[in-house]
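Please keep the coordinates open while going through them.

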Amino acid sequence: DFSLYPIYKALFKDPNKIILNCLKQYKIYQKALDSLQKNDNPFLKMRARQLDIDELFSLAKEIKNMI
């Protein structure tokens, strides 16, 4: 889904950073990040490259729905 591209770009911009730190760099994702942290999302402590394609798509869709 092309509309998810900016989220993928943010997640993979710094491949050695965990997802939490990647999203922290962007003010637009702050609301989504707060919600994901409150729900204790396990993906936040992983690197984007560690997720399989379905997990990545699911996370990106979740973030998009929160912003």
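1. In this predicted model, helix H1 and helix H4 lie roughly perpendicular to each other, because their packing angle is about 115° and angles from 65 to 115 degrees are counted in that class. H1 spans residues 5-12 and H4 spans residues 53-66, and the two axes are 9 Å apart. The crossing in which H1 passes H4 is right-handed.

2. Which residues make the contact between H1 and H4? On the H1 side they are Ile7, Tyr8, Leu11 and Phe12, while H4 supplies Leu56, Phe57, Leu59, Ala60, Ile63 and Lys64. By residue class, the contact of H1 with H4 comprises nine nonpolar residues and one charged residue, with no polar residue taking part.

3. Proline 6 also deserves a look, since its place is in helix H1 and its relative accessibility of 45% makes it partly exposed. Alanine 60 is itself among the H4 residues that make the contact with H1.

4. On charged pairs, the structure holds one salt bridge, in which the side chains of lysine 13 and aspartate 14 meet at 3.8 Å, taken from N to O. The pair qualifies because the cut-off for such a nitrogen-oxygen distance is within 4 Å. Aspartate 14 has a relative accessible area of 23% and is therefore partly exposed, given that buried would require a value under 20%.

Notes
Residues numbered from 1 in each chain as written. Predicted model: local features only at pLDDT ≥ 70, side-chain atom pairs only at ≥ 80, totals over all residues. Heavy atoms only, no water. Axes fitted to C-alpha atoms, helices over the stretch in contact; angles between N-to-C directions. Helix = DSSP H or I, 4+ residues; strand = E, 2+ residues; numbered from the N terminus. Parallel < 35°, antiparallel > 145°, perpendicular 65-115°, else oblique. Left-handed = near helix turned anticlockwise from the far one by under 90°. Contact = heavy atoms within 4.5 Å. Nonpolar A, V, L, I, M, F, W, Y, C, P; charged D, E, K, R; others polar. Buried < 20%, exposed > 50% of the residue type's maximum accessible area, 1.4 Å probe, protein only.
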